[in-house]
Amino acid sequence: MGVKDWRKSTGRASLSHPSWHGRRKAVAIPSVMAVLMVLLVLLADCCYLYGASFRQGNRVHALTVLAVDYDGGAIGQAMSNSYHALQSQSFPTVHFHTASEYPDPSSVERAVCKGDYWGAVYTHQGASSRLSDALGNSAQTTYNPADTITFIYNQVRYPAIADSMLQSNLEVLIAASRSAYYQTAGGREALASLNTSDPFAASAYLNPIQASPWVISPTTQGSRVFYNTVGMVMPVLATFFSIMALNSVGTQTGFLAQARMRDVWLFRFVVGKLYTFLGGLVVTGFTWAFHESWVVDGGKFAKTWMIIWFYMDINWQIFDTLIGTFIPVHFAPFFVLTWVLMNIASTVFPLELAAGWYRVGYALPAHEIYTLLVQVWSGCVNKTYIALPVLFSYWLLGHVLSVFSIRKRCADAERLETITPPAEETPYFGGETEEIEDVNSQTYELRDAGWETDATRTREPSSSDRISIGTARERDEHKAELDVKQTRE
């Protein structure tokens, strides 16, 4: 059989063939519309995601910092003056409070840990007096500039923001306080009384103030940047793919169309709980595998596992309820992409740094899950009074609506099975069977008596049948030619 004959036998025609007249638009228009819809949804979703960081630098003032002056001298005055010089939209807002409101540094740390402030800074009691003694007392040979000002922040709470907008700006504030010290009355008096022949006094004057960090839950490992980004995406995607696989198996096996609805619901309920339970373990496992020097223990591992399990189960209920029932399968990618990117936009940066519209993120499960994780990892920022009501609303509503979703899913599967015609029986040749072995020693069975089926034995051979037989015969002829050639050689 020649190449031209083989092409004719496939029954396929070029798009220019008259048989495609009137049908080209039916192919072209839906294809173009599908592509345009994907691009438009991608554009809208990515604009929403990127908009979460739009002009973020102008909203740094939304991060509040507590300041307490326990010194009451020149150093405390220098810190206050330096903040007023730095105050802008691109600098955290510093709230000054008295020592009577926060009687000791531990109370300042608790205010940050509670989540009332993103960070804190305080001067050490007697810092100005120690500096004055070092500058005017030649007998003193030691001075510790780090024993002047301390700043506090919780590094596990949005690590990238904690380092770039809190730590760096607080260090700038303290560095500016050193320069501002020379402009205070105490600084001018120190210069007038400075014993320039004393190297220790000169060193103290040149470096009077140095930042001293107090980091809550140090989080320095490289994988920390994934906790509020990829770590929030993977559980959602893993849940979505599993739901799609479960739907496909249920349809192909007839389980959705033939089993009792109660059994279908119970089966999917059990599978969902087991899968999300194990999925939470996997996510927690690879998070812990790369924790490096991060100080975490078994208790935090178990709590993280339970939170991720809860997160995956919520997404399971959402996808199980909507996809393939109330949202057709061909629209599922649009919904899932939008759902994922909206959730990531609520966790990638603090909502205080985004435009007001993004406060809708407080109603999304990813944001509340991340706040629970921060609480577990650091023991701080207790926002359960917001997180738990939001999360349980999704969880409970999903379980209720899944009952109606199962009914619709089973009814749709039963209707599809009713209108789908049975598959044609496999044609075969009646009569004797001949085995033909090709070059690769594969066996083909041909029946040469005539084209028939078990049911009617009247159908004529189709083009695909002819292709199969023609191909087998060509293989046989080719093998025979090779054998003859080898024999001659």
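I looked up Asp 163 and found that it counts as buried, with a relative accessibility of 16%, in a model that is predicted. Its side chain meets that of Arg 224 in a salt bridge, at 2.6 Å from N to O. Arg 224 lies in the loop between strand E5 (211-216) and helix H9 (230-252), while Asp 163 belongs to helix H6 (residues 159-181), so the pair ties together parts that are 61 residues apart in sequence. I also checked Arg 224 itself, which is buried at a relative accessible area of 19%, the limit for buried being under 20%.

Next I turned to Asp 147 and Arg 130, whose side chains meet in a salt bridge of 3.3 Å, N to O. This pair links distant parts of the chain, 17 residues apart, with Arg 130 in helix H5 (127-136) and Asp 147 in the loop between helix H5 and strand E4 (149-154). Asp 147 is partly exposed at 28% relative accessible area, and Arg 130 is partly exposed at 29%.

I then noted that Arg 260 forms a salt bridge with Asp 263, with 3.4 Å between the closest N and O atoms, and that Arg 260, Arg 262 and Asp 263 are linked in a network of salt bridges. A search of the whole structure gave me 9 salt bridges.

Last, I looked up the largest nonpolar core, which has 91 residues, and I saw Phe 319 and Trp 377 listed among those with the most contacts inside it. Leaving out residues up to four places away in sequence, Phe 319 touches residues including Val 236, Phe 240 and Trp 339.

Key:
Residues are numbered from 1 along each chain as its sequence is written. This is a predicted model: local features need pLDDT of at least 70, side-chain atom pairs count only at pLDDT 80 or more; totals for chains, interfaces and linings use all residues. Side-chain values use heavy atoms; hydrogens and water are left out. A nonpolar core is a set of buried Ala, Val, Leu, Ile, Met, Phe, Trp, Tyr and Cys residues joined through side-chain atoms within 4.5 Å. Buried means under 20% relative accessible area, exposed over 50%, partly exposed in between (1.4 Å probe, protein chains only). Contact means heavy atoms within 4.5 Å. A salt bridge is a side-chain nitrogen of Lys or Arg within 4 Å of a carboxyl oxygen of Asp or Glu. Helices (H or I, at least four residues) and strands (E, at least two) are DSSP runs, numbered from the N terminus.
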